[in-house]
Amino acid sequence: MKNQNDDIYQKRISRQYLILVFTLFFVVATLLAGSLYFRFYRADITRQAESKEYDKYFVMITDNYKSDFWQSVYRGALDTAKEHGIYVDLLGENLSGDYSIEELMRIAIASEVDGIIVYASEAPQMVSLINEAVSNGIPVVTLYGDSTHSDRLSFVGVGGYSVGKLYGKQIVNIIKEKRRQELLEANKIEDRTQVQIAVLASTDTLDAGQNIIISSMQDTIRQENATDSEFAVSIVAVDNTNAFAVEESIRDIFMQEEVPDVIVCLNELNTICAYQAVVDFNKVGEVNVLGYYDSEDILNAIDRGGIYATISIDTLQLGQYSVQALLDYMELGNTSEYFTADTMLIDKENVGTFKHREEQDE
């Protein structure tokens, strides 16, 4: 009887052992099969990615590829290009070290790219580089900054006249607010003080676009019945080579005995630095900053009252039009000489709506 029970016990142990071995074998086999499947699947995906070839290779060259403004412009260009089997490289982003626009132009020409989109200027060196690219069979589209005396194919930018009018109308509103305030405080009309307006202009005086903005702004102020005795415009040269230089130039404005009532900024970096200076020097509500672009920081500053208003640029449109200009030329042999992106004003009244729209888009 005892031997019989031992046999039953041994058989039970053997059966459980076999089940355990089979289970372990099944788990190991499943893991191996899954691992092999994933490996082959990943290899197939990798082969597909590696086999993706683009018909053309364009490059975009800017003065600061890290800025939100240019990153947004680049996204518009890249998305449009990929729809047509073309790749756009934001030149400089994947290069070690900092390169000037001129140096990046030389790299693009030497690389024999299929098209160049460049933030240009009227400087003779830029004109020469654009002409060299075109003579080597590389079409060039100037973006945001033009080079009118070069052989560039097309210019994609913002209507400087329209931007100037938007700035001008905001300054008129500021002048009217000051009129109302001084009407209660001044004894006679001669006691009114001028609204001092400082326009932060690039040290590159060859930038024709900023001159159009300033001229249009002044004309708009005068057309709104503001007399020369009520406002004075001064141009403050700002070195835009790097953020530190911009900060120093703007802080110098606040170190003066008389700080301007209005600071007009013509790019994103100047706007951020001007706002920071207003906060640092405790001038919120005293100095009205008219900004440029609609980054999250700028919109938040408008919401808090640190920036009076800003100009929103359809940056995606800038990128799209840049690629479209090159595509039209390659497909049709010609293209429009000018493309203009949309602009709109953002102030305290509509910033909430605009921020909500941006959140929905994300």
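S216 touches G160, Y161, G164 and K165, leaving out residues up to four places away in sequence. The model in which these contacts occur is a predicted one. S216 has its place in helix α6, which covers residues 208-223. With a relative accessible area of 2%, S216 is buried, because buried means under 20%.

V264 also has contacts beyond its sequence neighbours. Leaving aside residues within four places in sequence, V264 is in contact with Y167, I171, I197, A198, V199, L200, M217 and L290. V264 also belongs to the largest nonpolar core, which has 94 residues. Together with I116 and Y167, V264 is among the residues with the most contacts inside that core. Helix α2 (residues 68-82) gives the most to this core, with seven residues.

The next topic is the sheet. Six strands form an open sheet in the order β2-β1-β3-β4-β5-β11, and their pairing is parallel. At the edges stand β2 (86-90) and β11 (338-341), each of which pairs on one side only. From one strand to the next, the twist averages 20°. Strands of a sheet pair through backbone hydrogen bonds, in either the parallel or the antiparallel sense. Within this sheet, β3 and β4 pair in the parallel sense over three bridges, and V118 stands opposite T142 in β4. The residue ranges of several strands are listed below.

| Strand | Residues |
|---|---|
| β1 | 56-61 |
| β2 | 86-90 |
| β3 | 115-118 |
| β4 | 140-143 |
| β5 | 154-158 |
| β11 | 338-341 |

Which helix lies across β1, β2, β3, β4, β5 and β11? Helix α10, made up of residues 315-332, lies across these strands and runs at about 160° to β11.

Two further helices meet each other. Helix α3 (residues 101-110) and helix α4 (residues 124-135) have axes that come within 10 Å and cross at roughly 10°. Angles under 35 degrees count as roughly parallel, and α3 and α4 are therefore roughly parallel to each other. On the α3 side, the contact is made by I101, E102, M105, R106 and I109. On the α4 side, Q125, M126, L129, I130, E132 and A133 take part. The residues of this contact of α3 with α4 divide into seven nonpolar, one polar and three charged.

Methods:
Residues are numbered from 1 along each chain as its sequence is written. This is a predicted model: local features need pLDDT of at least 70, side-chain atom pairs count only at pLDDT 80 or more; totals for chains, interfaces and linings use all residues. Side-chain values use heavy atoms; hydrogens and water are left out. Two strands pair if DSSP finds at least two bridges between them. Helices (H or I, at least four residues) and strands (E, at least two) are DSSP runs, numbered from the N terminus. Axes are lines fitted to C-alpha atoms, for helices over the stretch in contact, and angles run from 0 to 180 degrees between N-to-C directions. Contact means heavy atoms within 4.5 Å. Buried means under 20% relative accessible area, exposed over 50%, partly exposed in between (1.4 Å probe, protein chains only). Angles under 35 degrees count as roughly parallel, over 145 as roughly antiparallel, 65 to 115 as roughly perpendicular and the rest as oblique. Ala, Val, Leu, Ile, Met, Phe, Trp, Tyr, Cys and Pro count as nonpolar, Asp, Glu, Lys and Arg as charged, and the others, Gly among them, as polar. A nonpolar core is a set of buried Ala, Val, Leu, Ile, Met, Phe, Trp, Tyr and Cys residues joined through side-chain atoms within 4.5 Å.
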